[in-house]
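User: I have a model open and would like to go through it with you. Can we start with the overall build?

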Amino acid sequence: MRRKVLILVPYLWLLALFLIPFAIVFKISLSDTELAIPPYTPTLDLSDGWNGFKEFLSELDFENFEFLTTDDLYWKAYLSSLQIAVISTVLTLFVGYPIAYGMANAPDHWRPTLLMLVILPFWTSFLIRVYSWMGILSTEGYLNQLLLSIGVISEPLTILNTNIAVYIGIVYTYLPFMILPIYSALERLDGSLLEAAEDLGCSRASAFWLVTVPLSKSGIIAGCFLVFIPALGEFVIPSLLGGSKTLMIGKVLFEEFFSNRDWPVASAVAVILLLILIIPIILFQRNEQKQREAEG
Amino acid sequence: MKNLFLTTAAAVAFGALAASAEEVRVYNWSDYIDEDLLEKFETETGIDLIYDVFDSNEVLETKMLAGGSGYDVVVPSGTFLQRQITAGAFQELDKSKLSNIGNMWDVIEELTAQYDPDNAYSINYMWGTTGLGVNVGKVREALGDDVALDSMELILNPANMEKLAECGVYFLDAPTEIVAIVLQYLGEDPDSKDPEVIAKTEEVLMAVRPYIKKFHSSEYINALANGDICAAIGWSGDVLQARDRAYEADNGVEIAYNAFAEGSAMWFDQMAIPADAPNPDGAHKFLNFIMDPQNMADASNYVYFANGNEASQPLLEDDVISDPAIYPTEETVKNLYTTTPYSAKVQRVVTRLWTKVKSGT
């Protein structure tokens with residue numbers, strides 16, 4: 001009984017904060033736009049009882065999803081978001097892993113301080129941190145001033161308002177989400193395994209690749225998910241740091257919602273985005289489970 | 001986590017406490033008022049004024065159509081106002097509460113009545129034109145001393161834009177306005193609702209696209225003033241604020257605003273009260289306060305936009321009322337045009353075109 005109650009908690013959480021909102025968005029994606037408050041029709045009116053509900057259902061259709069296939073803007077935006085999210089996840093992993101590794105191997109009494117330092121940026125508003133990158137990366141910004149003054153470059157670099165700035169912004173913002181899970185995996189790592197590997201003739205480098213990396217796999221996967229998922233739908237970073245050429249689905253969603261006032265199409269875009277995220281995650285977890293069962 | 005919970009609880013409790021005093025929430029365009037007026041309203045009425053700003057009609061409209069924005073006074077432009085009235089977003093003004101309504105200027109009221117029949121839902125705050133802001137020195141340096149600073153050729157002819165690209169050109173991120181300008185340039189009806197006619201603007205915009213530094217509806221004020229860019233399609237008063245800021249900074253930048261010689265769009269920013277405003281009474285007080293001649297004159301003297309308040313005109317400073325860039329001469333007025341709202345279908349065509357132009361693909 002107690003166990004059932006305990007399991008109920010995460011399921012209630014899932015229901016209230018994911019499934020119900022998703023059902024609402026999905027419902028709007030099947031509606032039509034209308035100049036009204038709220039700007040779509042039909043809205044659920046239960047005063048007619050069952051008949052009202054049937055009528056409500058009959059007015060829903062998949063038109064908006066069909067519409068998404070008629071314009072190449074949408075799949076181009078999905079693809080370019082995927083590309084940006086994948087590249088930034090890989091970059092974040094390359095930057096984050098050495099940091100986590102260094103932290104896990106630091107003397108015990110340093111670790112709480114190091115951990116604190118990783119979390120420290122969260123004390124400042126995310127928006128302010130992204131804005132300060134605008135000051136660093138702009139043509140007259142600090143980075144260009146520095147590089148010009150030490151003579152590395154003779155012409156200021158154009159970084160702000162390009163995809164490079166978007167990558168920098170995403171890697172910077174999501175780095176702690178990569179470092180923390182990898183660190184916690186590495187911290188649990190049993191040092192004697194590495195000693196055993198070296199005793200058995202492994203070089204330090206191959207012990208790292210054969211022992212450390214596989215044992216921190218769970219941390220790497222968790223970190224990659226934590227970076228990839230929000231990066232895919234990111235809106236703030238591309239709109240502040242990216243140029244008008246940066247095409248991301250978050251920006252398309254914004255345009256549908258704000259410029260076209262088309263909530264149904266915006267919802268359809270969001271539903272597809274969710275499917276793009278959820279299907280691979282489910283497949284991945286299934287695969288993991290199978291592997292675990294095979295091993296067990 | 002616990003701390004987070006405590007802060008949230010404290011914020012909620014604090015919010016409840018603050019709500020006990022009467023407050024009016026106003027949502028207006030950025031850089032659009034003399035902030036001393038906000039304080040003056042608070043001291044005169046004892047009402048707390050909460051003043052937020054936006055820089056795009058689209059953002060405001062989304063909030064209005066979602067409902068429950070929590071604002072008591074909002075300031076949409078004419079075409080957007082008209083559509084939101086149709087959607088039922090606003091409440092009719094109770095003119096018995098607006099003792100200053102007689103100060104309004106009938107010339108402007110007649111024009112705004114095309115969006116809001118009988119001006120039943122709104123009062124005019126400011127009006128102006130969409131035209132061309134230039135850094136006179138830099139543009140002459142790039143294009144020669146005898147270049148016309150009021151011609152659409154300057155920013156829609158690729159040959160000119162190529163030369164201006166180096167010093168920087170901004171366009172407003174306001175698709176409906178830019179499309180109207182390009183239609184006028186092509187000799188078409190700027191208010192055309194025909195998707196095929198609207199599509200013609202794409203070619204013109206794509207030809208100059210590589211030379212446009214940024215699409216933005218408020219950053220150009222500072223960019224012009226600092227000398228970071230040399231030309232911008234912008235709103236009259238905004239460019240004049242840039243002129244003023246450059247003058248104050250004494251940085252050698254000379255900014256000029258001109259309505260397009262080919263004809264400019266005239267727009268009206270209207271103050272209206274959302275249907276679900278929490279404090280409509282306070283909102284009326286705010287509107288009445290704004291319609292006071294002295295207050296309206298102070299606002300115009302500060303932001304360099306013309307207003308729809310006739311009684312305020314004797315109180316305007318000479319460089320406002322006599323500046324044809326702010327209060328156009330009758331000659332220019334003949335050249336001005338107004339536009340009407342797009343239907344949802346045509347709006348989608350315009351937005352799609354805009355996305356294409358902005359992304360340059």
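Analyst: Chain B, with 361 residues, has a radius of gyration of 21 Å, which agrees with the value near 21 Å for a compact globule of that length. The radius is taken over C-alpha atoms, and the globule rule is 2.2 Å times the number of residues to the power 0.38. This is a predicted model, in which local features need pLDDT of at least 70, side-chain atom pairs count only at pLDDT 80 or more, and totals for chains, interfaces and linings use all residues. Residues are numbered from 1 along each chain as its sequence is written, while chains are lettered from A and ligands numbered from 1 in the order in which they are written.

User: What does the C-alpha trace of chain B span along its principal axes?

Analyst: About 60 × 50 × 45 Å. Chain B holds 17 helices and 10 strands, taken as DSSP runs (helices H or I, at least four residues; strands E, at least two) numbered from the N terminus.

User: How much of chain B is buried?

Analyst: Buried residues are 48% of the 361. A residue is buried if 20 or more other C-beta atoms lie within 10 Å of its own, exposed if 12 or fewer, and partly exposed in between, with C-beta atoms placed from the backbone.

User: Why does Tyr302(B) count as buried?

Analyst: Tyr302(B) counts as buried because it has 20 C-beta neighbours inside 10 Å. Tyr302(B) sits in helix H14 (residues 293–303) of chain B.

User: Switching to the interface. How many residues does each chain put into the contact?

Analyst: Chain A gives 17 residues and chain B gives 23, where contact means C-beta atoms, placed from the backbone, within 7 Å. On the chain A side, the largest share, 3 residues, comes from helix H13 (residues 249–258).

User: Is H13(A) enclosed or open?

Analyst: Largely enclosed by the rest of the structure, because 7 of its 10 residues are buried. Among them are Ile249(A), Val252(A) and Phe257(A). The buried residues of H13(A) pack against helices H4 (72–104), H12 (236–241) and H14 (263–295) of chain A, and also against H3 (57–66) and H17 (344–359) of chain B.

User: Last thing, confidence. What is the mean pLDDT of chain B?

Analyst: The mean is 91, and 94% of the residues of chain B reach 70 or more; pLDDT is the predictor's confidence in each residue, from 0 to 100. The model scores ipTM 0.73 and pTM 0.80.

User: And where does pLDDT stay under 50?

Analyst: Over residues 1–19 of chain B, for which the model has 0 contacts beyond four places in sequence. Where pLDDT is low, the predicted coordinates should not be read in detail.

Notes:
Contact = placed C-beta atoms within 7 Å.
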